Each structure stands twice: as structure tokens, then as C-alpha cells.
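Visitor: Could you walk me through this structure, one question at a time?

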Amino acid sequence: MSKHTAPREPEESLAALRGDCARMAPHWAVPAKTAPAPVKPSRIHGVTVPPASARLVDGMSAFGD
């Protein structure tokens, strides 16, 4: 067994960690959000719903009831 151990890293305080994060924040680029283009109803095809599922959904109350 080796007598050599890895040196301990210095323990950082929460304040130091927050300071590091605050300094790095300007470097983090946030991409602009783009809304997806709506799909025309004529392009939606091939969707089938099993009768049991349709009955289940039909039997549910509307939102806000």
C-alpha cells in the first residue's frame, strides 16, 4: 500500500463559491428563446386514439370545474 496520498484541496466557503459564480455569470451566454412555428392542421394526419382512451378523456371534467 502506498504511503502517498493526494493532497487535500482547500475547503472553500459558501461565500467564496457564490463570489466565483457571480464573477462567472456574465460569461454564460443564454440563447434567445424562439417559439416553435405553429403546425397547420392540414399537416397533422395519422393520429389515432383508441376508443377506450377517447371514452376516458370524454369522461373527465373540463379544466376548472
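**A guided look**

Guide: Let's start with Arg23, which is exposed at a relative accessible area of 54%; exposed means over 50%, buried under 20% and partly exposed in between (1.4 Å probe, protein chains only). This is a predicted model, where local features need pLDDT of at least 70, side-chain atom pairs count only at pLDDT 80 or more, and totals for chains, interfaces and linings use all residues. Residues are numbered from 1 along each chain as its sequence is written, and side-chain values use heavy atoms, leaving out hydrogens and water.

Visitor: Which residue does the side chain of Arg23 meet in a salt bridge?

Guide: A salt bridge here is a side-chain nitrogen of Lys or Arg within 4 Å of a carboxyl oxygen of Asp or Glu. The N to O distance is 2.3 Å, and the partner is Asp20.

Visitor: Is Asp20 exposed, partly exposed or buried?

Guide: We go by its relative accessibility, which is 34%. That value makes Asp20 partly exposed.

Visitor: How many helices does the protein chain have?

Guide: Helices (H or I, at least four residues) and strands (E, at least two) are DSSP runs, numbered from the N terminus. The chain has zero strands, and its helices number two.

Visitor: What percentage of the protein chain's residues count as buried?

Guide: The chain has 65 residues to check. The share that counts as buried is 0%.
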